[in-house]
Amino acid sequence: MKPIHFVDPNNLLLCAIITAAMQIFFFGIAATFRFDKVTDFAGGTNFMVLALMTLLLAQTFSVRQILVTAFVCAWGIRLSGYLLYRIIKIGEDKRFDDKRDNLCAFAGFWTFQAIWVFTVSLPVIFTNCSYSNVNNYFTVQDIVGISMYGVGLLTETFADFQKFNFRDNPANNGKWCDYGLWKWSRHPNYFGEILLWWGMFLISTSVIQGGQWAGVIGPVFITSILLFLSGIPLLEKKSDERYGKVEAYREYKRSTSPLVPLPPYLYREYKRSTSPLVPLPPYLY
């Protein structure tokens, strides 16, 4: 069968329309019924819809295209399922405590989520494009990218469940999580998230060409968001406000890497022997 193109060969416009339609639909549900449980489900499933749709429209079904689509679906099912279970268990999403009564602010969050889905999906959209089916052999980029994805997904999965189980234990009320991977990193789940999306982009470099190199915006976007905007900065601020006067917590911060998992003694030695090449926010060093 011939590939199906909607306006452009990459089907970017169609992906943008589908993303906007999905987010508007779920925003309507969340705003009308004050129902937080659809928020993360809407994000994760939107990624899956774009991956599956672009694969089916291309009609080329190369091994690489099937693989990256399966990777997105595995990530989406894992993340959406975990976050849905968590929000069902705790009831409300505290991220929206200051937004539910402000429709504009609430709409702003959903607009940002649509931008996040579309932008981070770019490497997958370009890999699944019909004329990206230029080779069916695996390259070095494929092997390294697949490895990065695998390590990233496992790291994110273990980190999420370790923290959830830690917080679900009443004996840990009022404590910060320093269990499992959280002994080696203050944000191992974000490390896994960043690593897997850079892995997806690296896989795409085996076939992308010309303007498709704009797909690098995807991993750059998610990295920037988690490091400098809504990820680490907000969580570090909340933790500092809650535990900042506790010496054991301050020692935990001094000896634990903010992102890349490292044994505490190695991180302390790294801090003593090096200084950042460029000025970094204090929560990143």
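Student: What makes the group around Phe47, Trp75, Trp116, Trp197 and Met200 a nonpolar core?

Tutor: In this predicted model, the largest nonpolar core has 41 residues, and Phe47, Trp75, Trp116, Trp197 and Met200 have the most contacts inside it.

Student: Which residues does tryptophan 197 contact, leaving aside neighbours within four places in sequence?

Tutor: Tryptophan 197 is in contact with Phe47, Val72, Trp75, Val120, Val124, Pro219 and Ile222.

Student: What makes α7 mostly covered?

Tutor: Of the 17 residues of α7, 15 are buried. Buried here means under 20% relative accessible area.

Student: How do you know that the span of helix α7 agrees with its number of residues?

Tutor: Helix α7 covers residues 188-204, and at 1.5 Å a residue its 17 residues should span 24 Å. The C-alpha atoms at its ends are 25 Å apart, so the two values agree.

Student: Why is glutamine 23 called buried?

Tutor: The relative accessibility of glutamine 23 is 3%. The limit for buried is under 20%, so glutamine 23 counts as buried. Glutamine 23 is placed in helix α1. Not counting residues up to four places away in sequence, glutamine 23 touches Ala42, Gly43, Asn46, Trp110, Gln113 and Ala114.

Student: Why is glycine 76 called buried?

Tutor: Its relative accessible area is 0%, and the limit is under 20%, so glycine 76 is buried. Glycine 76 is found in helix α3 (residues 63-90). Beyond its neighbours within four places in sequence, glycine 76 is in contact with Gly44, Met48 and Gly81.

Student: Why is isoleucine 17 called partly exposed?

Tutor: The relative accessibility of isoleucine 17 is 43%. Partly exposed lies between the 20% limit for buried and the 50% limit for exposed, so isoleucine 17 counts as partly exposed. Isoleucine 17 lies in helix α1 (residues 12-33). Together with Phe6, Val7 and Leu13, Ile17 makes a nonpolar surface patch of about 370 Å².

Student: What is there to note about the phi of valine 7?

Tutor: Valine 7 has a positive phi of about 75°, although it is not a glycine. Most residues other than glycine have a negative phi. Valine 7 is placed in the segment before α1. At 71% relative accessibility, over the 50% limit, valine 7 counts as exposed.

Student: Is asparagine 11 buried or exposed?

Tutor: Asparagine 11 has a relative accessible area of 4%, under the 20% limit, so asparagine 11 is buried. Asparagine 11 also lies in the segment before α1, and its phi is near 60°, a positive value in a residue other than glycine.

Student: Why is the pair of lysine 253 and glutamate 236 called a salt bridge?

Tutor: The closest N and O atoms of lysine 253 and glutamate 236 are 3.0 Å apart. The cut-off is within 4 Å, so the pair counts as a salt bridge. Lysine 253 lies in helix α10 (residues 247-255) and glutamate 236 in helix α9 (residues 232-243), so the pair ties together parts 17 residues apart in sequence. Glutamate 236 is buried, with a relative accessible area of 5%.

Student: What does aspartate 240 form with lysine 253?

Tutor: Aspartate 240 forms a salt bridge with lysine 253, and the closest N and O atoms are 3.0 Å apart. Aspartate 240 lies in helix α9 and lysine 253 in helix α10, so this pair ties together parts 13 residues apart in sequence. Aspartate 240 is partly exposed, at 33% relative accessible area.

Student: How many salt bridges does the structure hold?

Tutor: The structure holds 10 salt bridges. One of them joins glutamate 247 and arginine 250, with the closest N and O atoms 2.7 Å apart. Both residues lie in helix α10, three residues apart, about one turn of the helix. Salt bridges that share partners join Arg186, Glu236, Asp240 and Lys253 into one network.

Key:
Residues numbered from 1 in each chain as written. Predicted model: local features only at pLDDT ≥ 70, side-chain atom pairs only at ≥ 80, totals over all residues. Heavy atoms only, no water. Patch = residues over 30% accessible without salt bridge, like charges linked within 9 Å, V, L, I, M, F, W, Y side chains within 5 Å. Areas by Shrake-Rupley, 256 points an atom, 1.4 Å probe, with all protein chains shown as cover. Salt bridge = Lys/Arg side-chain N within 4 Å of Asp/Glu carboxyl O. Helix = DSSP H or I, 4+ residues; strand = E, 2+ residues; numbered from the N terminus. Buried < 20%, exposed > 50% of the residue type's maximum accessible area, 1.4 Å probe, protein only. Contact = heavy atoms within 4.5 Å. Expected span 1.5 Å × (residues − 1). Core = buried A, V, L, I, M, F, W, Y, C linked by side-chain atoms within 4.5 Å.
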